[in-house]
Structure formats: C-alpha cells, structure tokens
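Q: Hi! Could we go through the aromatic rings in this one together?

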Amino acid sequence: MVRKGVCCCCAALRPRYKRLVDNIFPEDPKDGLVKADMEKLTFYAVSAPEKLDRIGAYLAERLSRDVVRHRYGYVLIAMEALDQLLMACHSQSIKPFVESFLHMVAKLLESGEPKLQVLGTNSFVKFANIEEDTPSYHRRYDFFVSRFSAMCHSHHEDPEVQTEIRLAGIRGIQGVVRKTVNDELQATIWEPQHMDKIVPSLLFNMHKIEDIDSRICPPSSPSGGEREENPSVLAENCFRELLGRATYGNMNHAVRPVFAHLDHHRLWDPNEFAVSCFKIIMYSIQAQYSHHVIQEILGHLDARKRDFPRVRAGIIQALLQAVAIAAKGSIGPTVLEVFNTLLKHLRFSVDFELSDRRSSVSSASFSACSKDNDERIVQNAIIQTIGFFGSNLPDYHRSEIMMFIMGKVPVLGATSHTLDISQLGDLGTRQIRIMLLRSLLMVTTGYSAKTIAAALPAPFLDPLLSPSLMDDSELRQLVLEILHNLIDRHDNRAKLRGIRIIPDVSDLKIKRDKISRQDVNFIKKHGQQLYRHVYLGCKEEDNVQKNFELLYTTLALITIELANEEVVIDLIRVAIALQDIAILNEDNLPMFHRCSVMAVVAAYLNFLSQMIAVPAFCQHVSKPAQISGEGCHKLVLPDQQDGGVSGWQWLLRREVVCAIHSPCDSYHTCIQCENLSGLIFIEIVEFARFLSHADEDRLSRRKSIVDTLSIQVDILPGCSLEEKVSSTEQITFEALKQAIDSNGLEEQEKEKRRLVIEKFQKAPFEEIAAQCETKANLLHDRLTQILERTVRPPPSPSGTVAITAGHAHYQSIPVYEMKFPDLCVY
C-alpha cells in the first residue's frame, strides 16, 4: 500500500502534458483511442501552443518504445493522436512539433512491417495536405524521397501486400511533391539526386499498366476507386502532377531521368511505352516549356547516334509525337535546330546503311538485308517527323524551312550550305538527294501561298529544278510532285490524275481565280525555265508511266493557276514541240516513250482547248480522236514491261499527226485563236531557238560546265529584229503551203545551229572573246549616241564649252534668255 501511494504521488507530480498524453492510451489497445481524453489534450495544445513541441517529443518517445516492443496497437493510437493534433493546431509553434512528427513517421517507414510503412505513409500524406503559415528554412525530405522510392519498387512475396506497399510509396512521393514544389525555399526536391529517384519509380509503376493506349490522350479523370487501387494509374497521375508543377529552371531535371530509365530497361524497341511517356510529358507541362523537351530529345538522339537503328527509330518516333503536340502551341527557338539535327541524322543513317552494305558484301553476311531495312525505318521516321513538323508550322515558318532543306540538297556545282557528302560516293549522294526531296515533299504538302512568286522564289526554284535534269526518274518525280504542291493552290491535282481525254472539263469542277499581277510577273520571268524542264523531262529515256502522268499534271496546273493569253501561246508551243519529239524521234526513243509523249500532247491539248473555250481550237484538237475512232477510255499509257504499244501507234499515223499539227510544219505554225485578243500568230521559229537552248542546257548539265558557258549566246546572231518583223508580216497561205511541202528551211536552220554550236565548242577562246568584245563595243557606241541625242545639260549663265580645231570656246547665255521651271519662278 505504501508503494502504491508513492507511485500515485509521483504520478501527480508529473507534468500535465505527459499526464494528458498518457490518458489517451487505454489499458487494452483494442479499445482504441480514448476520445474524451483526446479532446482534453487537443484543448490543452490549442490553449498552450508553446507545449506542442514537448507533447510531440513525448509522443515520439512512446511510439519508438512501442515499435521496438512490437506493440503495434499503441503505435496506431499514437499516430492517430498525432494526426488529430496536426489538424487542430495551425500556430507558428507547430514547427517543433512537426519535427517530432516527421521523426515518428521515419521510424515507421524504417520498420520492416508493411502495415507500419503504410501507416506512416498515410500520416505523411495528411501532413502534406496542411498548408503552413510560414515557410520552413531547414526542413529536408531526403530520407522520405529515398524511402518512398524504395517502396515503389517493392517485391513482396504476397501480391496484395506488394501492391499495397507500392501504392503507399506513390502516395508518399505525391505528398513530398505537393509539400515542396509550392514552397519557393524548398527547391531541393528538383535536384538531380532526387529526380533520379522519383521519376524512375513512377515510370516503373506506369510500365506495369496493361492498356497502354489509355495514356495516349490528354489527362483523363479516373474514378477514385481506380486511382487508389491501381498503382499504374496513381503513378501516372503523380507524374502528370509533378510535370505540371515544373518551371523553366527545373524542367530539364524532370525529363532527363526519363531517358535514363528508357535506356536502362531497353524500352526504345519496341517504343510504345516511350512514345506514351512523351505524350504524357507534352500534355502535362506548360506550353511555353515544350521546346525544352524537344531539345532534350534531340540531345539524347545525338548521344545515341551510333546505337542500333531501331533504338534511333524509337527515339525519332518519340520526337515525332512531341513535335506534333508542340507545333500546335509554342515551339520556341528550336525550329531550325530540329530540322538541322534531323537532317544530320538522315545523313548518318545513309552513311551507316552504305557502310553496312559494303561490309556485308566483303564478308558475305546474310544480315545485310535486315540492317538495310532497319536503316530505312530510321530514314522514314525522320522524313515523317520533318513532314509532320513542317505541316504544322505557319506559312512564314514553313517557307524558311523549305529554303533551309533545299539548301541541304547536293546541287551540281554548288558546295555551300549542303551536307557533307564527300565520303558517300555517287550512290550515297543520290540517296541523300532522294531523302531530302522526300522531306521537302512532306513539308510542302498542304502549303498554300497567296502568290506563286512567294511559294517559288528564285533562290528556291533554281536548285529545285536542278535534279530534274539528272538521269534519275525517281528524282524527277519528286521534283514534279513538289512543284505540284506549291503551284496547286485550289486542290485540283486529284481531279487531273491519269492521262486521259476528258470529254467535258466542266464536269471536273476546276477551281481557279483570276491571275494576279505577281503571278503574271512570275510566269514571265520563270515560264521559259519551267517549259524547258517539262520538255527535257519528256525526252528522258528512263521515264516510266508516273513521269509522264506528272508532266501532264504539271502542264495542266500551270494552265489553271498561271495561264493568261501569252502563257496559253507558250503552252501550245510546248505541246507542239513535245509532239515533234515523238514524230521526228531525233533521240531514238523507244516506241513506249513516243506513244506516251503523244498521249501527253493529245490529253493536254484537249484539256487546254476546253479551258480557253475557243470553238475552232476545240474542233481542231478533237480531230485525232475522230480519225482514230478511239474512245477516251482507250487513252491509257501502255504497259512498259509488256511493250504493248501496238494499239498506240495510231497516234503516230500521218493523218492523226496532221490533224494535231495542221495546217503547218512544227517550226512554221500559226494558230488562229479567236478569243485571244483577236488574231494571234504563234511563231514556232522563236520556239525552235528556245528548244535549242534547252537541249544544250541538258547536255551541259551532263558533260561540261564549259559547254554551258559557251552555249549561253545567241543561236541566230544574224537574224535581226527587223527581219523577224518582216518575215512575220509576209506570212501568207501560199507561204505556209510551200513550207508544208518542203523541208529546206528546216534543214537550213538545223545546219546553222550546228555550225554555231560547233564554232563555240571548237573555236579558240581568243576568237570568241574578240567577237564578244566587238559586240560589246558596238552596243556601247549605240548607247553613247542615244544618250547624246536625248540627254543634254541644262543651260548655264557661265556658258557652254564648244571645242573647235582643238581649242575650247565659251559661249555665254544671257539670264533673260534662260528658261526656268515653273516652280522656280514667282
């Protein structure tokens, strides 16, 4: 009895906060927290906030003792009491109490009991949701980041316990993020050592999701039960929240661990999860920071440039998804950087493909085909990315990108602004050209400029047409398709597919606008260049059916978008010149090519005649079909493989040619067009000179630059302007009839052109230079005479100088005889 009294007396002497804390613990832990005594403790803590630190320290002492003794019932009661005190007290004195609280949570997380770990995590999450009045300058969460990340990778034997621990770890990371990102003084969470733990832990749980496609779209709102039970969904939401809180300075720290995780777990091939991750990133971050992610992907692509092709393809496809989302909003200053890096890796891919092919040939390896296919996957992914990015850019950006890509295309005779192709050889250079033109084709798809001059400036048009003079049908096809994208501003190209005689063009519902002044100036300046390339394109021996169809479409689009009276005349000249290719066959073309050229001429003249709506011309053009008796459905190009051209030779029959070509020879034709400003005569003599330039231009591209410089002179120097005018005025029906019966003039013209070309190819340079100097002096003398007659100095009171017999005499003029301008007289 004495001992019991002594204990009661000692208990009465204990501090009040200890007695209040001891009273909340029942004798049997199964009874739970004593609510009445807990209310007393809460009232005491609120009334005396300076005692909170002592209450917290005593609760932490009891909890540590209970954890060591495995009395988990009392541990649960202590944590419940701590939670209630946290929720009830919001004073400034809560800071020391929080330290005790975090110490107790750390004790629970360090224990190996899953229930205690979950309990400590739940208490930490409740604490994270409390908004403190003042920031904490010294509090750190390094231990909690490490511990929660370790819980996210739990491999407990029991699947249910494993899921519960992982869920607790994800919720703990989410609590740390919420507690720290809003506090400007708590920037330690964005340090690389913390992000390297948080981000991989979230990605590890996200990768366990079964339905990957559910994360492709923008953030969804799953139900509360699903969010709490599925670690994948919870990790994804936590990852989105983390990225959404990232700012300009710490965006890179949150993205770089993603690359490390994908590399470590080899998730680039297959890359479904990688692509979904970057979609989540792009949808979660703020729009103005999108270019940071793109820069990081490009940097990682540079770092892995020598990795396996499928790995590089996976990175590029992830870049494609990021670019697709970023191009809709802010893309920052990385536009040219994206294209420059992609084009550089395109060159690397071609180099790797060629080197693998050479090594496989030397070693007789059977894996060359698979490697080539893998590199083709990389190249197609790069081209698709370039095209998609370019198609989402505004027009002013897209025009710059078109110029940028065109500057990378290897052009004959130009070395500036191109990729390094010195080590690729002819095959590699050809492949680089094809890849770059395919990229340019993707960028130009959907591009619509207000004027053709804006879409095809001279610095862009000249190098673009350069590949059309090469012996490669695929290159010429790409050039024509790019031209179609830029010229076709009303989407008429799909209506013109295939070479066919169209009975009624109005059924196609062609869309067109009145040609603007800028387009008129463009076709005047560059029309002959376009016609020349069409003409030379029809003469190529490696043409296939697609080449002829694209050439026909090119002529039709020029007619729709750029045709005025003068352009129509030039286009008829082009058609007649193309017909001469098939009829005269000076280049010894196969029958397939001759028939195909005639098909292009027949189909185009039928289209042109209906577009200009001249009845006489329409009737004239429709004669070949009437003579042959063939329907429009027969006008389909023959099969080049089978050589089935026998049914096409009707186009080369004399009466059909005369119907298309009558009433005169190819170089002496006049066509009367009633509605084209009255009576207009088309002089094919001038067009013969143009074709001569075209032929020599093609030869110069393929033989020598010296020939190019030599042939850029007047083919017919002896023919003056007066002679041309007089010859035009003297054309009569009798003269045309005589021209049809005889070919003497044509032979003379051919011989004259041959002599001039031979002279400039074989004559000494001094002789050619002297001739050019004589012409230049003559021109200078004529200009001097004109200026002396038209430009006279104004009268001066001091007089004018007159030179007679080598002596200068001054003739003064009185002021009253001088004539002043009206503005000077008042």
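Q: What sits over the ring of Phe25?
A: That's the charged end of Arg62, 4.0 Å from the ring centre. A charge sits over a ring if NZ of Lys or CZ of Arg is within 6 Å of the ring centre and within 35 degrees of the ring normal. Bear in mind that this is a predicted model, where local features need pLDDT of at least 70, side-chain atom pairs count only at pLDDT 80 or more, and totals for chains, interfaces and linings use all residues. Residues are numbered from 1 along each chain as its sequence is written, and side-chain values use heavy atoms, leaving out hydrogens and water.

Q: And what lies over the face of Phe127?
A: Lys179 does, at 4.5 Å from the ring centre. Phe127 is also part of a cluster linked by ring pairs, together with Phe101, Phe124, Tyr141, Phe143, Phe144 and Phe148.

Q: Switching to ring pairs, how many aromatic pairs are there in the whole structure?
A: The search finds 16. Tyr141 and Phe144 have ring centres 6.3 Å apart and planes at 55 degrees, so they make a tilted pair. Rings of Phe, Tyr and Trp (its six-membered ring) pair if their centres lie within 6.5 Å; planes under 30 degrees apart are stacked, over 60 edge-to-face, and the rest tilted.

Q: Is Phe144 buried or exposed?
A: Buried, with a relative accessible area of 5%; the cut-offs are under 20% for buried, over 50% for exposed and partly exposed in between (1.4 Å probe, protein chains only).

Q: How about Phe348 and Phe352, where do they lie?
A: Both are in helix α17 (residues 335-363), four residues apart, about one turn of the helix.

Methods
Helix = DSSP H or I, 4+ residues; strand = E, 2+ residues; numbered from the N terminus.
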